[in-house]
Amino acid sequence: MAGKKKPLVVITRKLPDPVETRMRELFDARLNVEDRPMTQPELVAAVREADVLVPTITDTIDAALIAQAGENLKLIASFSNGVDKIDVGAAAKKGITVTNTPNVLTEDTADMTMALILAVPRRLAEGANVLPGERKWAGWSPTWMLGRRIWGKRLGIVGMGRIGTAVARRAKAFGLSIHYHNRHRVLQSLEDELEATYWESLDQMLARMDIISVNCPSTPATFHLLSGRRLALLQPTAYIVNTARGDLIDEDALTKLIQEGKIAGAGLDVYENEPALNQRLLKLAAKGKMVLLPHMGSATLEGRIDMGEKVIINIRTFFDGHRPPDRVLP
Ligand code: DGY
């Protein structure tokens, strides 16, 4: 990019300061100074003017928006791993390249997934609320705050990609046995390392697990992968954890099954209609049946800086005339 006119890069959300500073140094960066998603008219203005759009997971970059893009827009360099809100096919038809930020979120998201796998059966959120506030504690009792043991249980991972694998490594160290369902079987060497069992049938795996962790991407094919019918296959003692995307699980069916005692509980970091929340989820959380987090699976300062670096590398590589490393194909 040296010596050339700097590309106009519109960034839709406030990013951590070090990332914004780098963006300003390298590009003609137009930053959203307020910490809120852009409005639709702002997004339309952005795609009309920009050479590069840097959206996040709170922006919907659909075909209708892409149709309004100006001639200059050549790259959508998403500040995200997931690209479920971007119509990559519509972008490709208009000659716009799409990139994302894979790998750098893997370990942080796996940490949070593991935290939920531990927190839900061991009633961590309920316990953490006892001492602050009302001080409902009368001291130790052999029958109080009993959760369920994690060690020795079966964990079923739905989606054995990078994050699923990183979750499996952690869970194995906590004494869980690893089971997984994936579109295709992973390498034998990885199965051996994790001592993992592959289930070709998701239904059969669901029926046999103690804990399910959902770690696959959201695509039209995985919408409500955990449908009401499939969730009903879980054992009444089973827990389910989702740090991937809300629409992978039929939330209404999940809440109903937990209310009816047909699933023991859930740990969720993602929701079907974020940031709106189904009120029944909140009631179940108040009863200790769910741990609800506000989509913070990958939220570490280091992770966000790494994501910013990836976005920058993708933009620079693209304007240097090369294929950006994290190009997403339609
Ligand atoms: C992503 O980038 O897809 C993550 O969900 C954001 O936390």
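This is a conversation about how the parts of one predicted model are described.

Student: How do you know that the chain has two domains, and where do they lie?
Tutor: That comes from the domain assignment of the chain, which gives domain 1 as 8-104 + 301-319 and domain 2 as 106-292. Taken over C-alpha atoms, the centres of domain 1 and domain 2 are 31 Å apart.

Student: How many residues of domain 1 and domain 2 are in contact?
Tutor: Four residues of domain 1 are in contact with seven residues of domain 2. The side of domain 1 that touches domain 2 has no nonpolar residues, three polar and one charged.

Student: What is the strand order of the open sheet, and how are its strands paired?
Tutor: The five strands follow the order E2-E1-E3-E4-E5, with parallel pairing. From one strand to the next, the twist averages 20 degrees.

Student: What makes strand E2 and strand E5 the edges?
Tutor: Strand E2 (28-31) and strand E5 (97-99) each have a single partner strand, so one side of each has no neighbour in the sheet.

Student: How do you know that E4 and E5 pair?
Tutor: The cut-off for pairing is at least two bridges. Three bridges join strand E4 (residues 75-77) to E5, so the pair meets that cut-off. The two strands run parallel, and Leu75 stands opposite Thr97 in E5.

Student: Which helix packs on the sheet, and which strands does this helix touch?
Tutor: Helix H13 (residues 301-319) touches strand E1 (8-11), strand E3 (52-54), E4 and E5. The direction of H13 makes about 160 degrees with that of E4.

Student: Why are H1 and H13 called roughly parallel?
Tutor: The axes of helix H1 (residues 17-26) and H13 cross at roughly 15 degrees and come within 9 Å. Angles under 35 degrees count as roughly parallel, and H1 and H13 are therefore roughly parallel to each other. H1 passes H13 in a right-handed crossing.

Student: Which residues make that contact of H1 and H13?
Tutor: H1 contributes Pro18, Val19, Arg22, Met23 and Leu26, while H13 contributes Arg304, Ile305, Gly308 and Ile312. In this contact of H1 with H13, six residues are nonpolar, one is polar and two are charged.

Student: What residues make the contact of H5 and H7?
Tutor: Among them are Thr106, Ala110 and Ile117 of H5, and Arg162, Ala166 and Ala171 of H7. The contact of H5 with H7 divides into seven nonpolar, three polar and three charged residues.

Student: Where do H11 and H12 meet, and is their crossing left-handed or right-handed?
Tutor: The crossing of H11 and H12 is left-handed. The axes of helix H11 (residues 251-259) and helix H12 (residues 279-286) cross at roughly 35 degrees and come within 10 Å. Thr255, Ile258 and Gln259 in H11 meet Arg280, Leu281 and Leu284 in H12. Three residues of this contact of H11 with H12 are nonpolar, two are polar and one is charged.

Methods. Residues numbered from 1 in each chain as written. Predicted model: local features only at pLDDT ≥ 70, side-chain atom pairs only at ≥ 80, totals over all residues. Domains from an automatic or database assignment. Contact = placed C-beta atoms within 7 Å. Nonpolar A, V, L, I, M, F, W, Y, C, P; charged D, E, K, R; others polar. Helix = DSSP H or I, 4+ residues; strand = E, 2+ residues; numbered from the N terminus. Axes fitted to C-alpha atoms, helices over the stretch in contact; angles between N-to-C directions. Parallel < 35°, antiparallel > 145°, perpendicular 65-115°, else oblique. Left-handed = near helix turned anticlockwise from the far one by under 90°.
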